Amino acid sequence: MWGGVDTFTSFSNWQTASGEDADSLNTDPLFVGLGATPPDFDTIPSSPAVGAGGTSLLCSDGWCDPNGSSPNSIYGSADFLGNPRTNGSNIDIGAYENTGAAIANSLTVTLASATLALSPGQTTTLTVTVAAIPGAAACPAAR
């Protein structure tokens, strides 16, 4: 419920009534591969999310220029693949900054057991190792 209203007929109706998300898009972001395993949330170059992010917030509100005087913003200086967070002066909406280059993303999961053969009722320790490919992938800096 927002402002005493619990039903809105459209996203734009909600934006107008709430005064929130004025710059948000309600459209298909054109992800590379939602059906992939794991899903590929990179966007194709013609995505409406490319260059559509805002950088007008003050550092205290969340945006800090990663190349300027505040490199430790919540956006970080790199996207989840290690690409610079901005391409030119614009930031993309989403976890990845579109570079126009296709990048194969995948995860490797390895499961190891401390004991190879177990008797009934015996316990062991399982260790899971997860690696992102490409290995140079980065995560935005935490605030």
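Tutor: The side chain of aspartate 79 reaches the backbone nitrogen of glutamate 97 at 2.7 Å. That is a polar contact, meaning a pair of N or O atoms within 3.5 Å; within protein, one must be able to donate a hydrogen and the other to accept it, and residues adjacent in sequence count only if both atoms are side-chain atoms. The model is predicted: local features need pLDDT of at least 70, side-chain atom pairs count only at pLDDT 80 or more, and totals for chains, interfaces and linings use all residues. Residues are numbered from 1 along each chain as its sequence is written, and side-chain values use heavy atoms, with hydrogens and water left out.

Aspartate 79 sits in the loop between β2 and β3 (strands are DSSP runs of E, at least two residues, numbered from the N terminus). Its relative accessibility is 0%, so aspartate 79 counts as buried (under 20% relative accessible area, 1.4 Å probe, protein chains only).

Serine 47 lies in the loop between β2 (40-43) and β3 (86-87) and is buried too, at 5%. A polar atom of the serine 47 side chain is 2.5 Å from the backbone oxygen of proline 29, and the side chain also reaches the backbone nitrogen of alanine 49 at 3.0 Å. Beyond its neighbours within four places in sequence, serine 47 is in contact (heavy atoms within 4.5 Å) with Pro29 and Leu30.

As for the whole chain, 19% of its 143 residues count as buried.

Notes:
Helices (H or I, at least four residues) and strands (E, at least two) are DSSP runs, numbered from the N terminus. Buried means under 20% relative accessible area, exposed over 50%, partly exposed in between (1.4 Å probe, protein chains only).
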